[in-house]
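Good morning, and thank you for coming. Please look at the sequence and the structure first.

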Amino acid sequence: MEFFRDTKIEFMKYRRRWVVVSAALLLVSVFAVLVRGKLNVGIDFAGGTQLTLKFKTDPTVDRLRDIIAAAGVGEVQIQRFGDAGSGEVLIKAPTVDASEEGSRDQIIDALDEAFNGSVSGLDLNRAGVATLADLLLELDTESLGFADPEAARAHHEGVAAKLLSIRRSEGIVTDWTQFESLDVDAATLEAVQLRAALGEFAVLGAENVGPQIGSELRLKGIMAIGFSLLGMLAYIWFRFELRYGIGALVAVLHDVMITLGLFSLMGFEFNLTTIAGFL
């Protein structure tokens, strides 16, 4: 099937005006990245703590910022993500001086006190399988009478994993009726409901990168891009001619720099995944 016939597009005819446009975009990108210095570097390179949280109801960003600031964490970045009304929030905190542990526990404790101050009992939106299994062992509502403590432990860990599967699939448990679809003993569910609670938020993910690791990743990222460009130049020089290699190198640098400028102007996060895309 032929869509175009006798195609003649004079690309070179307008080269001068497009060189001007290209140069302008390049200057804007250089200004945004090097002069303005507003590249949104992720914790992969900058170091720090990143928490992904899901709340039952959407919290206000100002309230979250006030709670975390009162805990002495310092300046943090807070942004919503996911669908509207999903209650999902991303919190980024800077590195903690002379510490590789980060501020994860400090932030979680502050939010826990603010949102779950009235919650009593084991929080199923925060508890792990081992902690919930301890509670089930204590309750022993099924009275199975395991002779082997390890067998009893394994059984209750299986029940705990089944209960927490709701949180894994939904992100957060908002109502006790969500457990009714599970194949779990009714007496066990009733006993857990009396001794546990459903907190206001769940931790979907937590990352911490120390300042030393962040510095090393930043250096290795720059080296990866540099060596890949030199390798491309060497191959094209060997396979064709040096001038073609230089032309390809300039073209790639041009495209990467303009894309980097777009990342800076739009506030997109620059992380290891971005480096992979650039490579």
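In helix α1, the residues Ser29, Ala32 and Val33 are buried, where buried means under 20% relative accessible area, exposed over 50%, and partly exposed in between, with a 1.4 Å probe and protein chains only. Seen down the axis of α1, these buried residues fall within an arc of 90°, so they line one face of the helix; the arc is that of the directions from the helix axis to the C-beta atoms.

Before I continue, a word on the source: this is a predicted model, in which local features need pLDDT of at least 70 and side-chain atom pairs count only at pLDDT 80 or more, while totals for chains, interfaces and linings use all residues. Residues are numbered from 1 along each chain as its sequence is written, and side-chain values use heavy atoms, without hydrogens and water.

The face of α1 turned away from the buried side carries exposed residues, among them Arg16, Arg17 and Leu27. What covers the buried residues of α1? The cover includes α9 (242-266).

Let us turn to helix α4, which comprises residues 104-115. Helices are DSSP runs of H or I with at least four residues, and strands are runs of E with at least two, numbered from the N terminus. Which residues of α4 are buried? They are Ile107, Ile108, Ala110, Leu111 and Phe115. Seen down the axis of α4, they fall within an arc of 160°, so they line one face of the helix. On the other side of α4, Asp105 and Glu113 are exposed. The cover over the buried residues of α4 includes β2 (48-55), α3 (61-70), β4 (88-93) and β7 (201-209).

Notes:
The expected span of a helix is 1.5 Å times one less than its number of residues. Contact means heavy atoms within 4.5 Å.
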